[in-house]
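Hi,

Here is the model I promised to pass on. Have a look at it first, and then read my notes below.

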Amino acid sequence: MPPEPRSAVDVRPRPPTATVSGTTDDGERDTVEMRPDLTAYAVLGAPARPGVSDYNPATVHWRNLSVDPDLTGLAPSRSRHARIALGHDGDPRLWSLPLRTLPAAGLAWHPRLPLVAGLVQRGSLVHPWTADYATRRVTVHERVRAALSLTPHGGGRRGLAWCGDRELALLTPPPAPSPGPAEIWGPVVCEASGPGHIVFLPGLAELAGLAAATVSVLNPATGALRALTAPAPLLVGGLEPSPTGRRLLVDHAIGTDDSVRQTDDALRWSRAVLRTDPAVFDGWSEVPRTARWSGAGDDTLAVAAGEPAQGGTVIDLRTPRPTSVPPAGPQARLTVRHDPGDAPLWWRGLTSGGEPLVISRHRHDLRLTTGHTTRLVPLPPRLLRPGGRTRLGPWAAVYDEGIAVEYVGDGHAGLLVIDREGLTARVVPAPPMPDDNGDDGSPVRGWATVQDGLPQLTVQHGGRPGLRRYALRGDRLAPVGGPWPLPTRHVRHVRPPAPPEPPGLPLFPASEPDGPRLLPHTPQAPGTEGPQLLWIHARRYGSSPTPAYAHPSLTGTDAPTAVLDLPLRWPADARPADLHQQITGAVDAATRALREELGRTGPVAVGGHSFAATLALYALAHRPGLTGAIAHSGCYNRTLTSDGFQYERRTYWQAPDVHRAFSALDFADRLDRPVLLVHGCEDTNPATPPDQAVALYRAVVATGGHARLLLLPYEGHTFRHRESLDTVAREHAAWLFARTSDTSERT
């Protein structure tokens, strides 16, 4: 699939259930999750970062994936929710459920009944729960053990789905295999011909033995559980019910692509339709990977053709038959026009005059496509403002007077209203609601639907007590009813997403339009002489920079810190001298900018994570003005990545000078100022096992240097537990103030 175009308007669809998260001032993470028709909502609270108590020491690793055997699936990377409260139409009170330790796996809302379901962890196992929020009754089905399989890896899909009328589809561990004959010992023999790089990686069978699950259906009233027929236990990425609930769309892994680099988990995905009705079984029907429910109220599939047609993408609409016999052909066919470089991003499930209607974006226009016509509607300039972060949401609906699409971003929310006859579009913003505390009440979140024939928008305003609903009346959004309540702490502390980061301080503005830039991360008063940290973020020249606030390794660091955004020109025939000039030149320019532009006069240490850790050590070895280095999760011996690394695609034997130039072990004798090495004990990246950090630590000390080694238990290539991040922040501060200050005095 061609890369998605970069634009001020982003029309990528989100999951069917709208979910928005925000981090609070007291370190908590709150998530508001809406029922698709916006008649009910849930507020889930969790620590902003998981703790070590969330980690299961029995976790095992498959390539780059961590698998929790007790959960029969991937170990969640986010902290478990500790609170959940439900609200709905007709009740001004929130209902706090007596549930704790809920995996961040999402909720399943019943499309017609006041029912919601989720997962809760009791001990080391996960069980499903169901709640009737009209009668305020919740049931934890402790006799049913659920499985996560690969749902944390499935792109936002869920492992729970309501099907039929009152039944719940979920994933369960497969039955224990019957004991077979004892294994007979035999040797392992390997043989290969080059050229090629041999990597010994576990296969899909090993992952299936850890995380494969069965798709089952639970009757919450009786507790009866039945397994749906499928070829075998599956590595499931998610379940998506059809609008009728009679069928499930199942994402599942089918293999790995051995042609990809060894650092990739390399899962390949497929999709199938599974019937949930116990009386009629369609069989296991594989469908194209692009298939999805059309959303038109029945079991119609929308399937995008694998190969784009001339000037567009063909979308087939198919209705499954009552038997497993596949349909003879599509019942309707649409062609969504777009440029070859555009991705076919489109809303579905709409009809116009009885015909299927698809709305897609084309540059600065929307295209309205039916089986017979395609019409263009220009987008309003407000949504195309340069530098803006406004995006159109995943929701669109047809009503009597036109089509309504939600938009959010830049502190605004509202509706984009399309006149199908006049082929015009206008923006109808939600009004602000200022309060007495100085908050301007700008909308920070929005969800939309159609009720009683009118588009409605539910909005959360900054600093306001609850969610407020609006209905489209003419050219404005008018309030409807009172606000929906939110927990007090959620209202008081929630803040909108981080604003766009300023462009930073260009270091070579004349000759490098996408050159290095300096991004202040933590403040320091001009003229102070305390130590400061220059944190390198490396990227390929021309790629999108990463915001400074997105670096978790810098969270909580007390020392003044700045991020050096370093785009590297790394051609296929790169020479060490060319790369040396880029790295040292950028570090020199950043150091001068810290002192001359920002007025920071203290000693400068340099740091980085992964490949940037090597760059930090490289800079320390070649620039005497630096006072030390901090290296996280780096590869320090490039003979272990002899088939290439990062932006270098040549093998060790094709470019030995480049590999040696970026092997810190080769220049350990030049690391004559203090070095802090931080590494996770369970780093599964093949290029950065933790013994690399141990080897460099020994090498620095052996050559007369000073090093400190910090190994973090239960951590992988990146650090995520709050205890680990707190420890890293303390180590950064203590090391910078103690070691770098001493070195500054000696020099």
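A charge sits over a ring if NZ of Lys or CZ of Arg is within 6 Å of the ring centre and within 35 degrees of the ring normal. R569 does this with Y541, lying over the ring face at 3.6 Å from its centre.

Some housekeeping before the rest. This is a predicted model, so local features need pLDDT of at least 70 and side-chain atom pairs count only at pLDDT 80 or more, while totals for chains, interfaces and linings use all residues. Residues are numbered from 1 along each chain as its sequence is written, and side-chain values use heavy atoms, with hydrogens and water left out.

On to the rings. Two rings of Phe, Tyr or Trp (its six-membered ring) pair if their centres lie within 6.5 Å; planes under 30 degrees apart are stacked, over 60 edge-to-face, and the rest tilted. The structure has 14 aromatic pairs. W109 and Y133 are edge-to-face, because their planes stand at 65 degrees, with the centres 6.0 Å apart. That pair links distant parts of the chain, with W109 in strand 9 and Y133 in the loop between strand 11 and strand 12, 24 residues apart. W109 and Y133 are both buried (buried is under 20% relative accessible area, exposed over 50%, partly exposed in between, with a 1.4 Å probe and protein chains only). Y618 and F662, in contrast, are stacked, at 5.4 Å centre to centre and 15 degrees between the planes. Here Y618 comes from helix 4 (residues 611–622) and F662 from the loop between helix 5 (656–661) and strand 43 (675–680), 44 residues apart. Both are buried. Ring pairs also join Y618 and F662 into a cluster with W570, F611, F645, Y647 and F667.

Strands next. Helices (H or I, at least four residues) and strands (E, at least two) are DSSP runs numbered from the N terminus, and two strands pair if DSSP finds at least two bridges between them. Strands 9-10-11-12 form, in that order, an open antiparallel sheet of 4 strands. Its edges are strand 9 (108–109) and strand 12 (137–140), each pairing on one side only. Strand 10 (residues 115–122) and strand 11 (residues 125–132) share 8 bridges, and V120 has H127 of strand 11 as its bridge partner.

Strand 27 (residues 365–369) is worth a look too: 5 of its 5 residues are buried. D365, R367 and T369 point one way, L366 and L368 the other. Strand 27 makes a hairpin with strand 28, with 4 residues between them; the two are antiparallel over 5 bridges, and D365 stands opposite P378.

Now the charges. I count 21 salt bridges, meaning a side-chain nitrogen of Lys or Arg within 4 Å of a carboxyl oxygen of Asp or Glu. One of them joins R80 and D54 at 2.6 Å, N to O, across 26 residues and from loop to loop. E731 and R708 meet at 2.7 Å, and this pair connects helix 7 (residues 722–746) to strand 44 (residues 707–712). E731 is buried at 15%, whereas R708 is partly exposed at 41%. D91, R93 and R136 form a salt-bridge network.

Last, the cysteines. What did the search of the whole structure find in the way of disulfides? It found 0, a disulfide being a pair of cysteine sulfur atoms within 2.5 Å. C163 is buried at 1%, and C635 is buried at 2%.

Cheers
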